Amino acid sequence: MAIALFACVVFLSVVHQKKPRGYSGLEFAGLTPAASARTPLLPRGGALVIDVAADSPAAKAGIKPGEVAAAIDDTVIVSARQASDIIQHHAAGDRIRLTLYDITEGEIHPHASEVVFDAAPPVSKKLSVLPPRTLAKELFYLPTMAANSAWSRHIARGPTVKPVALTGLGAGRCNGFAPEQWRVAGHAPDDSMIHLMAETGFAHAIYQTAPLNGRTPDAFVGDFLQTTFGVPARLTPAESLPFGFTHRDFGNDRGGAGFVEYRVTGNRIALWVAAIPGADAAWARPLVGAVVLSLHCHAPGAPALLPRDPALAVTSVSTSCIAGDCGEGDFAAINLARLRVGYVHNAAGEMFLINPRRDFWVDGAEGPGFYHQIGGENEKLEPGRIN
C-alpha cells in the first residue's frame, strides 16, 4: 500500500509539474519621439524593442532592435511595461504573435512575427551586488543627448512635469501661441491672414483665408506655397479629415517641408500651413503644427460657431469651444491627435504644450490631470487654449 501511494504521488508530481518559465530574449522601452514620428500609422501606444539577445527565440523570429511592437496576439500594446508583463507571464513552449513596425528600414506598414518561447536560462548561484538581468523590462531613464539626434531637443525640454511653455502672439484680431523667440512675421489688415515665424531657423506657421474665384483648391494651395516660400512645392495626394478638412504634406527643392490643412466652404478657402526643415521633421513637425493650429482670427466670412463635437479632444481646442462655441480653428485642430500634442493652461493664463497620452498623471497630487513643476511643487493644469 505504501509503495502504491508513493508511486501515485510521484506520478502526479511529474504530470502536474509547472512548465519552465519562458524566455524570449526581448527587451522593451518606451517610444522615443523619433520612433513615434516614424510610425505614423500606429494609432496609439506601442513599445520600442531596444535589445534582442543573440540566438534567442526573438532573434530566430527575425525581430531586430529598433522595431516597435504595436500588439501581442490580440492585445494592443500601450506601454513598455505592459509588453514586458505579457512576455514575462509566458512559459516555455508558448507561442505568441507580435505585430511590429520595422522603422529601422523605413517601413511604415506593420508586419507579424511569431515567437516560440524557450526555457529560461538557469539563474547563476554566484553572489553579486548587481541586480539579476531581465530580458523583458521597461527602462525608466532617458537616452543621453547626442549631436543632430531627433530626441535631443525633447530631452532638453525637461521631464513631463515641465511642459513646453508657449507665449501669446497676435496682431489685429488674430492671435496664437508659440515658443520663445518667435514673432509675428505678417498680418492682413482685414484679419484674413497671420504669419508667425521663429527668429532663427526655418519654422513658419501661417493661417490664410481667401476667395477661390474660380481656382481649384489644389491650384490655390500650390500657388500660395510657391508665392510664400519662393519655390514650387511638391504635394502628396489629398487626405480627407473629419469636418470637411483636407490634409497634404509638401516639400521643396530647398529642403523645406511641412503640411497644409484646408477647408473649402462655398467660394472661400481657409488654410493652415506649417513649414519646417525636412531634416528636423521628427521634432519640429509636432511643435510647429501645434503653433499653426493655435492660430485664431476673426476672419471675414468665417463659419458660424458650433457646439464641440466629441471627436475633438479638450486639449486640442479653445476654452470657448469646451464651453460650447467652436470656431473653424477648433475643428481644424482635429489633426493634433496625429501630431500627439495638446494645449493646457494654468489659472494665471500661462499656456503649455503637452503630449496628451504621455503627460497625463493618473495619480497626480490633485487628482488625474496634467501638471507643471514650479520649484518643488506640481501645479495642476487645465485643458484647452485660452485664445
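Three bridges tie strand 9 (residues 164–171) to strand 21 (residues 351–354), and the two run antiparallel. Keep in mind that this is a predicted model.

**Strand 9 and its partners**
- On the strand 21 side, V164 sits opposite L353.
- Strand 9 also pairs with strand 10 (residues 174–178), again antiparallel, this time through five bridges.
- Strands 9 and 10 make a hairpin with two residues between them. In that turn, G172 has a positive phi of about 60 degrees.

**Helix 4**
- Which residues of helix 4 (residues 80–88) are buried? They are A80, A83, S84 and I87.
- These residues span an arc of only 100 degrees around the axis, so they end up on the same side of helix 4.
- The spacing rule behind this is simple: an α-helix has 3.6 residues a turn, so residues three or four places apart point the same way.
- What do the buried residues of helix 4 pack against? Their neighbours are strand 2 (26–29), strand 3 (47–52), strand 4 (68–72) and strand 6 (95–101).

**The chain overall**
- The protein chain has 10 helices and 23 strands.
- Of its 387 residues, 45% are buried.
- Among contacts with a separation of 6 or more, 54% link residues 24 or more positions apart.
- The chain exposes about 20000 Å², with carbon and sulfur atoms supplying 57% of that area.

Note on methods:
Residues numbered from 1 in each chain as written. Predicted model: local features only at pLDDT ≥ 70, side-chain atom pairs only at ≥ 80, totals over all residues. Heavy atoms only, no water. Buried < 20%, exposed > 50% of the residue type's maximum accessible area, 1.4 Å probe, protein only. Helix = DSSP H or I, 4+ residues; strand = E, 2+ residues; numbered from the N terminus. Arc of directions from axis to C-beta. Contact = heavy atoms within 4.5 Å. Areas by Shrake-Rupley, 256 points an atom, 1.4 Å probe, with all protein chains shown as cover. Pairing = 2+ DSSP bridges.
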